[in-house]
Amino acid sequence: MEGILRNFTLSGSYRLRKHLYSIGNSSGRPNSGVKPSPIWVLSLTATKENEIGIPNVKLIGTVHGTEPVGQEVLLHFIEYLIEEYEKDGLVTWLLNNTKIHILPNLNPDGYKVAKTFFCYGCADCPGLGVTDEDIVISSDFPDYFHRNEVVNHTAETLAVMKWMDNIPFTLSGSFFGTFLVAIYPYCNRNETMIRNPTPDDDVFQFLAKTYSFNHATMHTGQNCPAYKKRFDGGIINGASWHNHDADMTDYNYIFHGCMEVRFEISCCKYPPIKDLKYIWADNKNAILNYIMQANRGVTGQVLDEISGRPIEATMKIIGRNIQFKNFGPTGEFWRILLPGEYIVEVEAKGYYKKIQNFTVKEYGKSYPQLTKLNIFLLNSSIPTTSETTVISSTTSTTQKTTTTSSIGEQLTTHMITTISLANPISRSQLLDFVVFVIITKFRHSINMACSGLRRAMIFSVFIIGVFGGVYGLLEFKYHTNDELQDVLKELENTGKKKLSAKLYSIGNSSNPDRPFPLWVFSLTAADPSQYGIPNVKLLGNLHGNEAGGREILLQLIEYLIDQFDKDKNVTWLLKNTKIHIVPTINPDGFEVAGVACKGITGRNVPFRDIDLNRNFPDFFCPDPDLILSKESEALINWMTNTKFILSAALHEGALVANYPYDLNPNNADGEAFETPDKDVFKYLARTYSNNHPKMHKGEKCPDNNEKFVGGITNGAAWYGFRGGMGDYNYNFHGCMELTLELSCCKRPHAELLSTLWNENKLSLLLYCMQANRGVTGRVLDSETRQPIEAKLKIIGREKLVLWNRSEYEIFFLSYKKTGEFWRLLLPGTYTLKVEANGYKTEYKKFTVKEHNPFPKLTNLTLFLTNSSLATTTSSTEKNTIVSNFSSRLSEDDSVEEITESPKVGELKGFAKCINNNVSFSIFTIHILFLLR
């Protein structure tokens, strides 16, 4: 089963998001030797991730292990949806407007022991239920009508209950075999009646008839050969047929507000293989038309009147007196209703009750459409006198309420007493405050708003004056790719006069039909004509299913813009650094990834199934067959054209700062393999970890036993792999990159994003500052002063020796266009070797000092002599001609003698020139350099 479902996730349109997940494990049957196995669900949708108002539908097969006909029909249905998306109009509309969760086999244990192709079953046939006791799942749920009965539910039942707790399903169908009929609730007779209709009996009959009349034969009500029972129109109320205590359909409706119909789709419980294609054909249109009805009725959100934040509420349609709850995390609700006028009553703890009317319309022969209805509740801490119920209408903006003062006045008092001036106020809080007052002005009578509005606006101006501005306009949510693009464009236009904010693209994603730009947002306040400004890059969402980083980086962009010229750390950073931020480098993977905390769906670039963090040229173990994705190609070109000194790739799945190397070429799995700059890398990792409130503790994540001392690790010591981006940065571009794992959960819940941002904000700022630690300078032609692309090495860090004695050269290059170079180094004295084609090799000794409160780069300018002008020297004595020439050289920067050997100085070099009959003109040039 798992293999079939996984294959489905790899097929079909890239626009169709396919997510395979497990809701738990089965009970197992020890006496039969059957071990517990995962209960798999495949979800399908083409809607945008986290899009509000999209109904969730679930379809469940093989509830009875002896009736696997539903499993086979649902597998065919999955295949049909994937193949027909963007081909068939109904399928395309359905997946563009609905999220469908398909569970083909809820009872894998019973299915394993069931008698194969046994059509009618028997009283003692194994496999009907679960566990060795053969407990029937469909009658194992909490019973509304017999609440005092205590039941130890099976693992399968508990898995379904938890599933429904976490996903707000609006419509459901379960599939069985024995009859041809659609059975709707209630199925429990409640001991007093035979037919037991729900308050939504009209809707349930409509749903049942929708299936029956789109089925090839069900609507005829004909009885099956082995049974004499007939069903008018192919539907029946469950209780009027036979009593089912603790029924799954009743549980769906009463406890979760989800409308479920049970479908008996075959006269045979376990039909022969040759009959399956006919059964599938009979049910195909019925399933499609049934699922469509999830888009019939009403949807919306219950929100706080002031803040606009979601509220968990209890709701009731007046006249259909059964309560249902909305989905707390988003405030969303759904209710399937037929066309008509309705009134909904909404209650929530700490809020005034609200009654609101609305209309559900009929859309003729077109597809059904949900009525959108947002309901705003007023916090009960805002005082009123007598009436506490707010009555409103979707067609009228009048509210009936009695107040002691204007709402604006009440709100001002409320905000002043609840907002602590000791804490920074966010832009969203302030907007909540002001916008509510403005809304109040228009929604209430004039005499209730004037003085309060004036006072509220004065208060907001006061807040701005006190805090000198606010931040936090950017919402904490998972932005879609299109939303992310819009946010970046808006942020580009919100920059400040002295701050350069630029949005540019380094290429496009691999999506052949809709390539998405790979956006980079750069920020700096440095003088563009100034040399030596280090470039830093931060990348998020390298793995499409690890999306926390992309939201952190959006928040970082907004924070840097807002805090420039306010916060001294941010201001210093931007005046001395150029920061390039890529929120998502794998937008295609993000688009198909699910919302799971674990798993791999969407991890790779979907069109070639390429893991971007395994898709770079490897220094030690080159892959001759390496095929670069467009994303990797874009990054390589970007790094070739921009000299980055420091980088970080933001991931999720652990809590650790990981430093190179990620591959151990000594074929020693699990053993550390460190770079010659391991002291710098460890310092960078600790800088991040020690400023993170949790990472430095090295605590393991809940689902594994990995502990990281100090919250840092060498990549190869953790787990090795070839083609990593961090290794590529260091070996091929001299850029030091960490892999930052920021959360145990690959995709933290949206409500946790603000916490994630606050945990990482300081670490990110201090990490970026380290780009100004070490050495920088330019390599120039001694005669023309033109920049040179040179090879530079730090003596003692210039080679790596493997177990087989093979040596690898570690170097970095100056930038061809400007001759600039950078290298991160800790305080100490170093010697720099400089080589370039056509030039004499030079050596430079220099010192990196510790500076407080901010780091400072040691600045050098190196002049290379063209080898055609150089004198001949012995192999033991090489002439060195390098001058320290820089308009940016500060008083405390290092100016030291350049030599290959301490025994060979400049004067000795000059004497050598004369002794070898070098022309007087060259000697004169040397003297001039010396005097400068």
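**View 1. Surroundings of Asp-781.** The backbone nitrogen of Thr-784 lies 2.9 Å from a polar atom of the Asp-781 side chain. A polar contact is a pair of N or O atoms within 3.5 Å; within protein, one must be able to donate a hydrogen and the other to accept it, and residues adjacent in sequence count only if both atoms are side-chain atoms. This is a predicted model, in which local features need pLDDT of at least 70 and side-chain atom pairs count only at pLDDT 80 or more, while totals for chains, interfaces and linings use all residues. Residues are numbered from 1 along each chain as its sequence is written, and side-chain values use heavy atoms, with hydrogens and water left out. Asp-781 belongs to strand β26 (residues 774-781); helices (H or I, at least four residues) and strands (E, at least two) are DSSP runs, numbered from the N terminus. With a relative accessible area of 7%, Asp-781 is buried (buried means under 20% relative accessible area, exposed over 50%, partly exposed in between; 1.4 Å probe, protein chains only). Not counting residues up to four places away in sequence, Asp-781 touches Gln-786, Ile-788, Tyr-839, Phe-863 and Leu-864, where contact means heavy atoms within 4.5 Å.

**View 2. The ring pair of Trp-93 and Tyr-367.** The whole structure holds 36 aromatic pairs. Rings of Phe, Tyr and Trp (its six-membered ring) pair if their centres lie within 6.5 Å; planes under 30 degrees apart count as stacked, over 60 as edge-to-face and the rest as tilted. Trp-93 and Tyr-367 are stacked, because their ring centres are 4.5 Å apart and their planes are at 25°. Trp-93 is in helix α3 (residues 89-97) and Tyr-367 in the loop between β14 (354-360) and β15 (371-372), 274 residues apart. Trp-93 is buried at 16% relative accessibility, whereas Tyr-367, at 34%, is partly exposed.

**View 3. The ring pair of Phe-620 and Phe-673.** These two rings have centres 5.8 Å apart and planes at 80°, so the pair is edge-to-face. Both Phe-620 and Phe-673 are buried. They are part of one aromatic cluster, whose members include Phe-616, Tyr-661, Tyr-728 and Tyr-808.

**View 4. Charges over rings.** Arg-550 lies over the face of Phe-590, 3.5 Å from the ring centre. The charged end of Lys-537 sits over the ring of Phe-644, at 5.7 Å from its centre. A charge sits over a ring if NZ of Lys or CZ of Arg is within 6 Å of the ring centre and within 35 degrees of the ring normal.
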